[in-house]
Amino acid sequence: MAAAAPSDGSITPYKIDVPDAAIKSLKEKLAVSQVPSEVDFSNDWAYGSPRNDVLRLAKYWQDGFDWRAQEAALNASMPQFQTTVEVESFGELKIHFVHKESVRAGSIPLLFCHGWPGHFLEVAKILPLLTENTKGPSFHVVAPSLPNFGFSDGVKQRGFSIPQYAQVCHKLMLKLGYNKYVTQGGDWGFIITRLMGALYPGHVLASHINFIRARGPPQLTKNPLLYLQHKLLPLSAFEKRGRERSQWFQNEGYGYNVEQGTRPSTIGFALADPVSLLAWIYEKLHDWTDDYPWADDEILTWVSIYQFSTAGAAASARIYYESRHAGLDVTAKGFDYLADTALGTSYFPKDLSLPPFTWGRTLGPVVFEKAHDDGGHFAAYERPDKLVEDIRTMFEGGAKYVAEQFT
């Protein structure tokens, strides 16, 4: 099923082109930014981003980092577009998105949904693997910048929560001519794509997730077989380590979530300073990955997309607040068992939420499930080959009947 793009010019090619003035302003801010005084634990990761690392990166960002080269590489490697999407009660928003179609007939339309502190760049490594393979299922991939992220519009009214993000993604797929499609998501992409399945079941045929957020163990009244399995079967070694990792995150890594979920405007002032933004995101790139060997250019490109984003870095924090305060009843549907949406789950050991497998199976008809030996929260970027293999295997096996609908 190939996309039937509108012929009215409502979808236009997009090239990232950050104004010279924005780059100049960044360098000026970096030149005068101050950092905390040095103490004997300044470079201990247990306390947060190391002072020496942040100083080195900030200095390179100011004097050596070539944003224009990175910008050109992004434009060359990912076909990007912009369109408008009407959101109920919020009006029209300009949405930036990556869209690469496979040349193979029968390819499956797939929406890739990022989270925080991610963005559309997360799709970069899996994009050619999903669209250019010659054997097995292939995909037409759509990866939007969510509103308030990247080069999509920001939202200036309160109450823009998970149902609205789901609506934007669904309407974008329809606008591209994909009436039926599948989804892939981690982080916020988990609940956004899950809710899409709940709200648009005739359109979302299957979902693959690499961030599993079941609300609790199976209940006897809802999932009797899973309940018995949960009660009677011991946890595997992987599941035990997963519980430890999840507990570590709750105890030692959850502070950002509380702040952004309760006072996003306050942290927004800090994120307006580039060194603060760098330290805030760099911590997550380190703590949430499985020893991924970040190059300085990679880190600064990642953070620069927040620095140069259309709505500003502060806007990205608001999804945490709104998800706690608006649309709660609708959002809750995304945690239900979605019987009509085939589900694939991939567990990576350095992710942040690693419930027992029986918990993950309460989310829907699991047709694919795999626990990996390595990898973390940004699976598409850290372990692209493994994530793509999981997606392909899902549609070659348990969800083959879904793939056949596109042939």
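The UniProt annotation "domain: Epoxide hydrolase N-terminal", from an unreviewed entry, covers residues 11-123; UniProt positions follow the numbering used here, feature names are shortened, and annotations may be inferred rather than shown by experiment. The structure is a predicted model, in which local features need pLDDT of at least 70 and side-chain atom pairs count only at pLDDT 80 or more, while totals for chains, interfaces and linings use all residues. Residues are numbered from 1 along each chain as its sequence is written, and side-chain values use heavy atoms, with hydrogens and water left out.

**First stop: the annotated domain**

Select residues 11-123. This stretch is 33% helix and 24% strand, and its end C-alpha atoms are 20 Å apart. Helices (H or I, at least four residues) and strands (E, at least two) are DSSP runs, numbered from the N terminus.

**Second stop: the annotated active site**

Next, select Asp187, Tyr320 and His377, which the unreviewed UniProt entry annotates as "active site". Of these residues, Asp187 and His377 belong to the lining of the largest cavity. A cavity is a set of points, on a 1 Å grid over the protein atoms alone, where a 1.4 Å probe fits but cannot get out; lining residues have an atom within 4 Å of a point.

Centre the view on Asp187, in the loop between strand S6 (181-185) and helix H6 (188-199). Is Asp187 buried or exposed? Asp187 counts as buried because its relative accessibility is 11%; buried means under 20% relative accessible area, exposed over 50%, and partly exposed in between (1.4 Å probe, protein chains only). The side chain of Asp187 reaches the backbone nitrogen of Trp116 at 2.9 Å. Beyond its neighbours within four places in sequence, Asp187 is in contact (heavy atoms within 4.5 Å) with residues including Phe211, Tyr320 and His377.

Move to Tyr320, in helix H13 (residues 318-325). Tyr320 is buried, at 3% relative accessibility. Leaving aside neighbours within four places in sequence, its contacts include Trp116, Asp187 and Tyr256.

A search of the whole structure finds zero disulfides. Select Cys113, whose nearest cysteine sulfur, that of Cys169, is 4.5 Å away.

**Last stop: Asp336**

Finally, select Asp336, in the loop between helix H14 (328-331) and strand S8 (342-347). At 39% relative accessibility, Asp336 counts as partly exposed. Apart from neighbours within four places in sequence, Asp336 is in contact with Arg194, Thr362 and Leu363.

Note on methods:
1 Å grid on protein atoms, 1.4 Å probe; cavity = no way out; pocket = protein on both sides within 12 Å on 5 of 7 lines; lining within 4 Å. Polar contact = N/O pair within 3.5 Å; in protein donor to acceptor, adjacent residues only side chain to side chain. Disulfide = S-S within 2.5 Å.
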